[in-house]
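Open the structure in your viewer and come along for a short tour. We will stop at a helix pair and then at some salt bridges.

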Amino acid sequence: MPEPILIAVAWPYANAEIHVGNLTGSYLPADIVARYHRLRGRQVLMVSGSDAHGTPITVRADAENSSALEVYQRFHTTFLELFQQLGLTYDLFTSTHTTNHFNVSQKMFLALKQNGYMYQDRQLQWYSPVQKRFLPDRYVEGACYICGYTNARSDQCDRCGNLLDPTLLIDPRSKIDGSRPELRETEHFFLDLARLQEQVEDFLRLRQSYWRPNVLRQSLGQMQAEPLRGRPITRDLDWGIPVPLEGWNGKCLYVWFEAVIGYLSATIEWGLINGQPDAWRTWWHNSDAKAFYFIGKDNIPFHAIIWPAELIGAGKTFDELMEFSNPEPMVLPYDVPANEFMNLEGQKISGSRNWAVWGHDFLSRYDPDSLRYYLTVSMPETRDSDWDWNDFLHRNNDELVATWGNLANRVLSFAFKNFDGKVPDPGELTELDKELLVTVEDGFQSVAQEMEAVHLRAALVEAMSLATEVNKYLDITAPWQAIKTDRQAAGRAIYTAIRAIDSLKIMLAPFLPFTSEKLHTFLGYDQPLFGTQSTEVVTDLLAQHTVLRYHPEGASGRWEPGQIQAGRVLRQPGPLFRKLEPKIVEEERARLGQK
Ligand SMILES: [Zn+2]
């Protein structure tokens with residue numbers, strides 16, 4: 001059986017649009033790795049969905065005078081559009097607001113409780129006597145007890161930047177009606193992380209040799225410096241997943257607890273949609289399965305500590321509560337290749353100041369592979385990176401267009417025109433020809449090595465350097481000159497270059513899927529490299545939700561050297577990429593910060 005690979009992708013909060021920082025932080029690297037493993041013939045499942053719960057969504061709904069459901073559905077719809085435009089091939093992109101996710105999350109909660117990893121405790125929380133309800137932290141403002149700023153949020157001060165203890169806020173007021181809340185005791189469940197400390201440490205130590213240093217620092221390093229403590233897992237809120245116990249009305253599971261469970265629930269939902277209710281076990285009950293979690297650095301503790309702790313704590317009790325046969329513990333994360341942040345023109349990306357490059361807006365003017373290319377070469381894998389419009393222009397024109405696009409277009413157009421629209425017959429290959437083919441085909445190992453380790457920048461640089469080798473080869477063999485005097489030599493060089501391009505097309509396909517498919521067609525192939533995407537409406541007991549799906553049927557791409565033969569009929573080629581005008585740099589910079 002091919003190796004099962006779970007690609008678990010961060011769940012976007014359904015209260016804001018997606019910008020390039022989000023894309024390069026987690027969604028794009030996830031898709032690149034998913035496509036690579038699919039080409040390797042592995043059993044890939046890429047899952048995620050909209051994070052529909054939590055107070056940022058209810059705050060926005062209140063501000064807009066609409067409902068949380070309406071806000072979440074609106075943003076969810078824009079995500080589905082963007083992901084299709086950018087070719088992010090989720091096998092299932094769903095939402096946390098589904099009957100299935102409610103059920104799976106509640107069973108995880110009960111399994112942890114049954115196994116003794118939860119306790120109850122009282123906390124002080126702001127309560128509105130006017131509205132007769134507890135107010136989440138974000139609903140309370142007042143004066144910062146550190147710097148005195150009068151419009152501080154109860155959990156964080158926007159002036160001094162400190163995280164605040166909400167109960168110490170001075171002159172508190174409700175954001176909803178301005179009335180004064182009072183502190184009241186409220187009862188909550190806590191996840192007993194202290195009791196899971198040892199097991200989580202063991203889990204992390206086994207991965208120490210290959211995890212990124214920044215991820216280890218924020219997980220193993222942190223919990224060794226400061227041991228884990230209990231964390232409240234429930235809160236007083238009505239938008240979310242109800243606590244599945246009698247007498248707990250008006251309390252929900254905390255969003256940080258339930259959203260990560262989405263990786264598991266989405267896998268289960270995928271199986272249910274396909275009529276294979278047991279299929280989820282392939283990725284969750286299988287010692288051969290590898291689970292990769294693609295997230296930004298702000299999410300490291302949740303994925304490297306808390307989620308493994310939830311899985312360890314629930315053990316096989318989760319299966320028992322779900323009434324699944326043959327209960328087993330679940331597969332823990334194999335890798336959490338979290339990225340750092342991308343800045344924009346030297347400043348932090350800020351949605352509220354519109355200091356951002358928005359996915360949707362960008363794709364109204366530029367092509368998806370152009371974005372995928374730039375976001376990969378500037379991916380913040382080891383340190384924060386910067387989106388710079390001038391750099392974007394040059395990467396697009398000097399690398400994507402000049403090195404790769406022109407190479408493919410020049411060679412194919414020449415073959416199409418001078419060799420009757422066919423791959424020329426090379427006769428006997430020279431040492432130089434064979435050397436080029438060996439160099440390029442070795443890329444299937446060297447690029448793969450970087451891909452397996454999730455070094456995507458290095459993988460792309462390696463593949464592009466092979467395109468440079470083909471250009472050098474053509475400078476030496478100069479078929480455009482040779483055709484006038486030695487048709488056989490010209491044909492041999494073009495044949496060799498086409499073989500190399502046919503292979504490079506595969507190595508570049510995870511990064512540049514749209515243009516690789518196009519090139520694949522120019523080369524005369526009929527079967528696409530990858531499958532197709534579609535959306536579908538699923539109705540359950542809660543509501544309707546639209547899901548994005550990937551259908552691998554008909555995909556023919558294989559991670560191996562192209563075997564294109566002399567005599568193959570080519571299709572009329574055209575340019576793969578657009579060269580951009582230098583004036584876009586000033587135009588785009590002028591847009592930044594404009595409302
Ligand atoms: Zn302050």
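A helix here is a DSSP run of H or I at least four residues long, numbered from the N terminus. Keep in mind as we go that this is a predicted model.

Start by selecting residues 68-85, which form helix 3. Show the side chains of Arg-74 and Glu-70: they meet in a salt bridge, 3.7 Å from N to O. Because Arg-74 and Glu-70 are 4 residues apart in this helix, about one helical turn separates them. Arg-74 is partly exposed at 31% relative accessibility, and Glu-70 is partly exposed at 34%.

Next, select helix 4 (residues 99-114) together with helix 8 (residues 262-273); they pack at an angle of about 135°, with axes 9 Å apart. Helix 4 and helix 8 are therefore oblique to each other, and the crossing is right-handed. At the contact, Asn-100, His-101, Val-104 and Met-108 of helix 4 meet residues of helix 8, among them Leu-264, Ile-268 and Leu-272.

Now pick Glu-345 and Arg-589, whose closest N and O atoms are 2.9 Å apart in a salt bridge. Glu-345 sits in the loop between strand 14 and helix 12 and Arg-589 in helix 20, so the pair ties together parts 244 residues apart in sequence.

Move on to Arg-499 and Glu-441, which form a salt bridge of 3.4 Å, N to O. This one links helix 18 to helix 15, and Arg-499 is buried at 15% relative accessibility.

Finally, select Glu-3, Arg-40, Arg-42, Lys-290 and Glu-452, which are linked in a salt-bridge network.

Technical notes: Residues are numbered from 1 along each chain as its sequence is written. This is a predicted model: local features need pLDDT of at least 70, side-chain atom pairs count only at pLDDT 80 or more; totals for chains, interfaces and linings use all residues. Side-chain values use heavy atoms; hydrogens and water are left out. Axes are lines fitted to C-alpha atoms, for helices over the stretch in contact, and angles run from 0 to 180 degrees between N-to-C directions. Helices (H or I, at least four residues) and strands (E, at least two) are DSSP runs, numbered from the N terminus. Angles under 35 degrees count as roughly parallel, over 145 as roughly antiparallel, 65 to 115 as roughly perpendicular and the rest as oblique. A crossing is left-handed if the near helix is turned anticlockwise from the far one by less than a right angle, and right-handed if clockwise. Contact means heavy atoms within 4.5 Å. A salt bridge is a side-chain nitrogen of Lys or Arg within 4 Å of a carboxyl oxygen of Asp or Glu. Buried means under 20% relative accessible area, exposed over 50%, partly exposed in between (1.4 Å probe, protein chains only).
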